[in-house]
Amino acid sequence: KLLCLDVDGVLTDCRVWLDSNNEWKRYFSIRDGYGIMRLRENGFLTGIITGSKSRDIRERANVLKIDYFFEGNLDKLPALYEMSQKAKVGLDQIAYMGDDLFDIPLLKAVGFAATVPESVDEVKQVCHHVT
């Protein structure tokens, strides 16, 4: 019922750069955005939980009309619980996709856990699916 995503390494290719205004920027995938749009069209809720705190991430979440957005804390489990409560969706009905060690508690808590091929081995070991 709800797809929750990490950002760096999941919605991006892990590259960041500092622009001329001293703001961090990332490369986001247009295909991911289209997939999120299609999920929303089919009644799924969406969420982002990111340890980063950056304007480009907030802008991307806004453009994609992400339902639940949490930023700026590597301890992501409290955000997942809050999202679950606000959405009235059990953890077993949430899919989470993350790629780093601090994503492991979330990956273990949800009904479906996924990661990307470039994730750390410890993450791959706790996931149901590697894309």
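You're looking at a predicted model, where local features need pLDDT of at least 70, side-chain atom pairs count only at pLDDT 80 or more, and totals for chains, interfaces and linings use all residues. Residues are numbered from 1 along each chain as its sequence is written, and side-chain values use heavy atoms, with hydrogens and water left out. Helices (H or I, at least four residues) and strands (E, at least two) are DSSP runs, numbered from the N terminus. For burial, read "buried" as under 20% relative accessible area, "exposed" as over 50%, and "partly exposed" as in between (1.4 Å probe, protein chains only).

**The nonpolar cores**

- A nonpolar core here is a set of buried Ala, Val, Leu, Ile, Met, Phe, Trp, Tyr and Cys residues joined through side-chain atoms within 4.5 Å.
- The largest one has 20 residues, and L2, C4, I49, L80, M83 and I94 have the most contacts inside it.
- At least two residues of this core come from each of β1 (2-5), β5 (68-71), α3 (77-87), β6 (94-97) and α4 (104-109).

**A closer look at L80**

- L80 sits in helix α3 and is buried, at 0% relative accessible area.
- Contact means heavy atoms within 4.5 Å; setting aside neighbours within four places in sequence, L80 touches I49, L91, I94, L106, A109 and V110.
- L80 and I48 are 32 residues apart along the chain, and their C-alpha atoms are separated by 9.4 Å.

**Salt bridges**

- Side chains of opposite charge can pair when their charged atoms come close.
- The rule used is a side-chain nitrogen of Lys or Arg within 4 Å of a carboxyl oxygen of Asp or Glu, and the count comes to 12 salt bridges.
- K76 and D6 pair up through their side chains, at 2.9 Å from N to O.
- That pair links distant parts of the chain, 70 residues apart: K76 is in the loop between β5 and α3, while D6 is in the loop between β1 and β2 (12-18).
- Both ends are tucked away by the accessibility cut-off: K76 is buried at 1%, and D6 is buried at 3%.
- D6 and K76 also belong to a network of salt bridges with D103.
- R58 and E71 form another salt bridge, again 2.9 Å from N to O.
- R58 lies in helix α2 (residues 55-63) and E71 in strand β5, so this pair ties together parts that are 13 residues apart in sequence.
- R58 is partly exposed at 36% relative accessibility, and E71 is partly exposed at 26%.
- D13 bridges to R15, with the closest N and O atoms 2.8 Å apart.
- In that pair, D13 is partly exposed at 39% and R15 is partly exposed at 46%.

- W24 is in strand β3 (residues 24-28) and is partly exposed, with a relative accessible area of 46%.
- Together with V16 and L18, W24 makes a nonpolar surface patch of about 290 Å².
- Patches are made of residues with over 30% relative accessible area and no salt bridge, where like charges are joined within 9 Å and nonpolar side chains (Val, Leu, Ile, Met, Phe, Trp, Tyr) within 5 Å.
- Accessible areas come from the Shrake-Rupley method with a 1.4 Å probe; for residues, only the protein chains shown count as cover.
- S54 is in the loop between β4 (45-50) and α2, and S54 is buried at 7% relative accessibility.
- Leaving aside neighbours within four places in sequence, S54 is in contact with W24, R26 and E71.
- The side chains of S54 and R26 make a polar contact at 3.3 Å.
- A polar contact is a pair of N or O atoms within 3.5 Å; within protein, one must be able to donate a hydrogen and the other to accept it, and residues adjacent in sequence count only if both atoms are side-chain atoms.

- Most residues other than glycine have a negative phi.
- K65 has a positive phi of about 55 degrees although it is not a glycine.
- K65 is in the loop between α2 and β5, and is exposed at 54% relative accessible area.
- K88 also has a positive phi, near 55 degrees.
- K88 is in the loop between α3 and β6, and is exposed at 74% relative accessibility.
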